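Please report on the side-chain pairs and strand pairing in this structure.

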Amino acid sequence: MQRFQQYIDGVFDDGSARFDSIDPATGHVWVSMPEAREDDVDRAVKAAEQALWTGAWPAMTASVRGKLLLKLADLVQANAARLAELETLDTGKIIRETSAQIAYVADYYRYYAGLADKIEGSTLPIDKADMEVWTRREPVGVVAAIVPWNSQLFLSAVKIGPALAAGCTLVIKASEDGPAPMLEFARLVHEAGFPKGVVNIITGFGPSCGSALTRHPGIAHIAFTGGPATAAHVVRNSAENLASTSLELGGKSPFIVFADADLESAANAQVAGIFAATGQSCVAGSRLLVEASIKDKFIAVLKAKAEAIRIGTPLDMATEVGPLCTARQRAHIENVVAASVNAGARIVTGGKARAGEGFYYLPTIIDCDGVKAPSFEAELFGPVLSVVSFTNEEEAVALANDTPYGLASGVFTQNLTRAHRMIRRIRAGIVWVNTYRAVSPIAPFGGFGSSGHGREGGLAAALDFTRTKTVWLRTSDDPFPDPFVMR
Ligand code: NDP
């Protein structure tokens, strides 16, 4: 059986303990993984602290840091097929998506490579004649980056890229579910030539490894992606080291279709919004709000599309929906769907696991009109769409905002003035109009409310990994004035 290794202080090792990783398409063990325990976490953070303050990294110019990031981007691109295959094998995410996603993982590294030498301080027009005052943007310190199982290469790139551009060092904890691509990625970091200790990649269980990492006194910033309940643990841990946090959490995003929308286009976008990535996407448009006058017609189109989806082995390029990542995840979905049916919701299609091996669940549409259905409220993180109708714009806005989450939203209409009103009124960090699930390194990404705070992507993300130092330089040759008066 293949054995993966963790990467600490520029060295690969087996970790304090080992655990088996399961192929979600078969439910069988396929590789052995290193499990980082508290000692490994401590070694990794100390290596990152050492690399932050001593050796080649702090002496390097921002332009050279950018060149290293460019090299990493090229290596990601050159090894795209292997990385995509490992992500598919270890998480069940379909190869069609992992191979496309790896291309823009390289793009994110390129974007932050270009940004490294554009992070500037400023000169202040200070209100004292004998002073020069300016600010420096310095690295915030050692960053703990924590990612969930879905899209680990991508979700870590949006943290590693800006953190390295800003001059930070990192300890990245990959999810215990599907860490293989991240441990393989560590080999590319090594090959790119980053000084030892700048990037450390470990994996292990949340309550032990993740918790030890987030409360470690050497950590200055925690960049976390995951669920809100885990985020609450992370924030409590940050009370011990007073680390700053950026939190990219879950969502229950509304997908709003008005009667005047291009229905074929909206239906395709809705398929992308809920069935792509087998619904295991933080921005999944899992609540369809559809204008009552077109509800039946639109659901019929969606039902036909859902039933035509090719479900299969994730390594087959023709597969459109693969297995869920874990048996635990599938059991959670089964429970919420059963509770929704008990509450009176009606299954339009799907609503059950696929027979046979692997953690498959059928693409599902549930009509929740007139019912308080748990599937309409809870994040399922699977291929389950809950539908409710509305009769006017006011009602659509109220339904869209009736959630503690606020990550993404979609609005489908051909009415320009209505689109603008909706953009203003929806409480979410992203509004897609007549499109869905589009991302770019140039555009900020993040949520409101229970979907977290802080933004990934764009220049602001790199600034989040800096802290400001204010420098005062006295230009007068006169003696220091009255020491008992603050100037
Ligand atoms: P979890 O919150 O369970 O886990 C996320 C990460 O946190 C994993 O690496 C996990 O480790 C780790 N972890 C678990 N417990 C702790 C702890 N006590 N201290 C520190 N770290 C811990 O999320 P899921 O794995 O269930 O992922 C799905 C969630 O992620 C969904 O809510 C989804 O919406 C959200 N998400 C948000 C995105 C965004 O950008 N907004 C993008 C993608 C997903 P381990 O896996 O080893 O338990």
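E184 is buried at 19% relative accessibility. Buried means under 20% relative accessible area, exposed over 50%, and partly exposed in between (1.4 Å probe, protein chains only). R82 is partly exposed, at 31%. R82 and E184 form a salt bridge, with their closest N and O atoms 3.7 Å apart. The pair links distant parts of the chain: R82 sits in helix α4 (residues 80–91) and E184 in helix α7 (residues 180–192), 102 residues apart. A salt bridge here is a side-chain nitrogen of Lys or Arg within 4 Å of a carboxyl oxygen of Asp or Glu. Helices (H or I, at least four residues) and strands (E, at least two) are DSSP runs, numbered from the N terminus.

This is a predicted model: local features need pLDDT of at least 70, side-chain atom pairs count only at pLDDT 80 or more, and totals for chains, interfaces and linings use all residues. Residues are numbered from 1 along each chain as its sequence is written, and side-chain values use heavy atoms, leaving out hydrogens and water.

## Other salt bridges

The salt-bridge count is 34. Side chains of opposite charge can pair when their charged atoms come close. One of these bridges joins D130 and R474 at 3.5 Å, N to O. D130 lies in the loop between β6 (123–124) and β7 (131–139), R474 in strand β21 (residues 466–474), 344 residues apart. D130 is buried at 14% relative accessibility. R474 is partly exposed at 26%.

R418 and E393 also form a salt bridge, with the closest N and O atoms 3.3 Å apart. R418 belongs to helix α15 (residues 416–425) and E393 to helix α14 (residues 393–401), 25 residues apart. R418 is buried at 16%, and E393 is buried at 15%. Shared partners join D260, E393, R418 and R421 into one salt-bridge network.

## A three-strand sheet

An open sheet of three strands runs in the order β1-β5-β4, with mixed pairing. Its edge strands are β1 (2–3) and β4 (17–23), each pairing on one side only. Two strands pair if DSSP finds at least two bridges between them. Seven bridges join β4 to β5 (residues 28–35), and the two run antiparallel. D20 stands opposite S32 in β5.

Helix α4 lies across β1, β4 and β5, at about 110 degrees to β5. Contact means heavy atoms within 4.5 Å. Axes are lines fitted to C-alpha atoms, for helices over the stretch in contact, and angles run from 0 to 180 degrees between N-to-C directions.

## Aromatic pairs

There are twelve aromatic pairs. F19 and F205 form a tilted pair: 5.0 Å centre to centre, 50 degrees between the planes. F19 is in strand β4, F205 in the loop between β10 (199–203) and α8 (206–214), 186 residues apart. F19 is buried at 11%, whereas F205 is partly exposed at 27%. Rings of Phe, Tyr and Trp (its six-membered ring) pair if their centres lie within 6.5 Å; planes under 30 degrees apart count as stacked, over 60 as edge-to-face and the rest as tilted.

Y108 and F154 pair edge-to-face, at 5.2 Å centre to centre and 80 degrees between the planes. Y108 is in helix α5 (residues 95–115) and F154 in helix α6 (residues 152–165), 46 residues apart. Both Y108 and F154 are buried. F255, F412, W432 and Y436 form one aromatic cluster.
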